[in-house]
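Try each task before you read its solution.

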Amino acid sequence: MSKVIVTDHPLIQHKLTLMRDKNTGSKDFRQLLTEITMLMGYEITRNLPLEDAEIQTPVVNATCKVLQGKKLGIVPILRAGLGMVDGLVNLIPAAKIGHVGLYRDPETLQPVEYYCKLPQDIHEREMLIVDPMLATGGSAVAAIDVLKKKGATNIKLVNLVAAPEGIEEVKKYHPDVDIYVASIDEKLNDHGYIVPGLGDAGDRLFGTK
């Protein structure tokens with residue numbers, strides 16, 4: 001069953017409050033999202049395997065720890081997910097980056113894929129799907145579907161703010177995918193917005209309406 005990991009570090013909570021404030025402009029919103037994602041990255045990568053490496057320090061020969069060659073991939077859900085990429089790449093410069101584009105059909109309200117470009121070796125990588133908001137869960141479930149169809153077997157979902165309804169939707173369809181969030185908010189409103197939430201993350205990131 002999916003684990004839900006809430007990264008409630010004081011710095012994350014402080015920065016998230018600033019992001020929620022409707023008076024925070026796009027420049028600061030983008031910077032805060034990058035900073036929070038980087039802080040969350042410490043928890044997301046906590047269990048990466050290590051191996052011994054023999055090195056020469058300025059003083060002696062030493063046996064130290066390095067990453068065991070674990071391959072990672074980052075897949076933002078367009079467009080708001082783009083705002084989370086830099087924070088993770090700052091920590092994991094060698095990660096490969098894919099993109100999945102989804103929109104909600106106005107009649108069926110179901111997510112429709114309009115773009116997909118992924119690393120060819122995703123079956124060998126731990127894939128991190130990133131999107132600031134986990135609201136109804138429809139886009140997250142669809143993005144995970146896409147990655148699994150392309151061969152991914154090790155997937156984590158990384159969100160800034162999640163509604164309980166979205167978490168349950170992901171757990172229902174993808175019980176093997178762990179979910180990392182900075183906050184589990186109260187609920188969805190009648191328009192599908194997270195409450196208290198932070199508004200439309202894409203519009204606030206890019207200054208659109």
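**Exercise 1.** Find what Asp200 touches beyond its sequence neighbours.

Solution. Skip residues up to four places away in sequence; Asp200 then touches Arg79 and Tyr193. Contact means heavy atoms within 4.5 Å. Next, look at the side chain of Asp200: it reaches the backbone nitrogen of Gly202 at 3.0 Å.

A note on the source: this is a predicted model, where local features need pLDDT of at least 70, side-chain atom pairs count only at pLDDT 80 or more, and totals for chains, interfaces and linings use all residues. Residues are numbered from 1 along each chain as its sequence is written, and side-chain values use heavy atoms, without hydrogens and water.

**Exercise 2.** Decide whether Asp200, Pro132 and Met133 are buried, partly exposed or exposed.

Solution. Start with the cut-offs: buried is under 20% relative accessible area, exposed is over 50%, and partly exposed is in between (1.4 Å probe, protein chains only). Asp200 has 31%, so Asp200 is partly exposed. Pro132 has 2%, so Pro132 is buried. Met133 has 17% relative accessibility, so Met133 counts as buried.

**Exercise 3.** Locate Met133 and list its contacts from outside its sequence neighbourhood.

Solution. Met133 lies in strand β8, residues 126-134. Strands (E, at least two residues) are DSSP runs, numbered from the N terminus. Now leave aside neighbours within four places in sequence. Met133 is in contact with Asn159, Val161, Ile194, Leu198, Gly199 and Ala201. Pro132 has its own set, including Leu33, Met84 and Leu160.

Technical notes:
Helices (H or I, at least four residues) and strands (E, at least two) are DSSP runs, numbered from the N terminus. A polar contact is a pair of N or O atoms within 3.5 Å; within protein, one must be able to donate a hydrogen and the other to accept it, and residues adjacent in sequence count only if both atoms are side-chain atoms.
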